[in-house]
Amino acid sequence: EGEGEGEGEGEEEIARVVMVELFSQSGCASCEVVEPILEQLADEYERSEVILVEERAYGIYSSDEIRDRYEWYLPSNSARSTPNILLDGLNQKIHGDSSYATIKGKIVLELGKDTKISISATRSSDSNTTTISGTIKNISSSTLDNLVINGMVFQDKGETGLKYLLKDILEEQKEAVATLEPGSTHNFSFTVEDTNWDVNGLHGVIFVQDTNSSTKEILQAFYVD
């Protein structure tokens, strides 16, 4: 059984967690440039600071739900070549080759933004089923609208470019939160079936996304060990 981190003693201590999504594909020369850089950066930060998920947009390890998410972000087919690095949704977007310094600069920019949402969660698992349950809270002074609580499951495949490989998006279980007043909370629960979480070395991320914002901003993310 694993467990996540709590909210801490004071709301002012809750830091923003940056969620980085890399859309890539096998055999992509530019992907092979940015993949090790992103994995290095993800390893340099704590999971309470940066969470990386590598989503194979095409080819091996791809899936309909990954392609649907990619199209949701970037409706134009010409914009969906690889690699595309998205930080907190479309808050920051890097296409093609990039450097360590450039990517880290974008991460630092996102880390410096105000935190509007806190997430707390725990995980319980047996040999076949994992349940991730928790609460989100509006810690800002403004009402937040059109929020979606979603989750992803990823796995280290033991190769460069596959250390944070997306296995599943919990899209069918996502929860819509129409309005969340300052100080208000909303409980959630996700179930992952037909897999042994611990034996298979799985990890997860729960995130809150403003789906109607111009950047489809991910307001906060939470790592599930």
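Modeller: What follows is a walk through this structure, which is a predicted model.

Biologist: What joins strand 7 to strand 9?

Modeller: Strand 9, residues 175–180, runs antiparallel to strand 7 and is joined to it by five bridges, with threonine 179 of strand 9 standing opposite aspartate 145.

Biologist: How many bridges join strand 7 to strand 8?

Modeller: There are four bridges between strand 7 and strand 8, the latter made up of residues 165–169, and these two strands also run antiparallel. Methionine 152 has isoleucine 169 in strand 8 as its bridge partner.

Biologist: Now the inside: which residues touch the most other members in the largest nonpolar core?

Modeller: That core has 38 residues, and the ones touching the most other members are Met19, Val20, Ile85, Ile103, Met152 and Val205. Another core, of 22 residues, lies apart from it, and its members include Val192, Leu202, Val208 and Phe222. As a general point, nonpolar side chains tend to be buried together in soluble globular proteins.

Biologist: What is isoleucine 85 in contact with, leaving aside neighbours within four places in sequence?

Modeller: With those neighbours set aside, isoleucine 85 is in contact with Val20, Glu21, Leu22, Val34, Leu38, Gln92, Lys93, Ile94 and Ile103.

Biologist: Glutamine 92 then: why does it count as buried?

Modeller: Glutamine 92 counts as buried because its relative accessibility is 8%, and the cut-off for buried is under 20%. Glutamine 92 is found in strand 4, residues 92–95.

Biologist: And which residues is glutamine 92 in contact with, again leaving aside those within four places?

Modeller: The contacts of glutamine 92, with those neighbours left aside, are Ile85, Leu86, Leu87, Lys106, Leu109, Glu110 and Lys113. The side chains of glutamine 92 and glutamate 110 are also joined by a polar contact of 3.1 Å.

Biologist: On to charges; how many salt bridges are there?

Modeller: The count comes to 11 salt bridges, and a network of them links Arg16, Asp88, Glu110, Lys113 and Glu217.

Biologist: Where do aspartate 43 and lysine 163 sit?

Modeller: Those two form a salt bridge, with 2.7 Å between the closest N and O atoms of aspartate 43 and lysine 163. Aspartate 43 lies in helix 1, residues 29–44, and lysine 163 in the loop between strand 7 and strand 8, so the pair links distant parts of the chain, 120 residues apart. Aspartate 43 is partly exposed, with a relative accessible area of 40%, and lysine 163 is also partly exposed, at 28% relative accessibility.

Biologist: What about arginine 123, buried or exposed?

Modeller: Arginine 123 is buried, with a relative accessible area of 5%, whereas aspartate 198 is partly exposed, with 45%. The two form a salt bridge whose closest N and O atoms are 3.3 Å apart. The pair links distant parts of the chain, with arginine 123 in strand 5, residues 117–125, and aspartate 198 in the loop between strand 10 and strand 11, 75 residues apart.

Biologist: Last one: how far apart are the closest N and O atoms of glutamate 171 and lysine 174?

Modeller: They are 2.6 Å apart, in a salt bridge between glutamate 171 and lysine 174. Glutamate 171 counts as partly exposed at 31% relative accessibility, and lysine 174 is partly exposed with a relative accessible area of 39%.

Key. Residues numbered from 1 in each chain as written. Predicted model: local features only at pLDDT ≥ 70, side-chain atom pairs only at ≥ 80, totals over all residues. Heavy atoms only, no water. Pairing = 2+ DSSP bridges. Core = buried A, V, L, I, M, F, W, Y, C linked by side-chain atoms within 4.5 Å. Buried < 20%, exposed > 50% of the residue type's maximum accessible area, 1.4 Å probe, protein only. Contact = heavy atoms within 4.5 Å. Polar contact = N/O pair within 3.5 Å; in protein donor to acceptor, adjacent residues only side chain to side chain. Salt bridge = Lys/Arg side-chain N within 4 Å of Asp/Glu carboxyl O.
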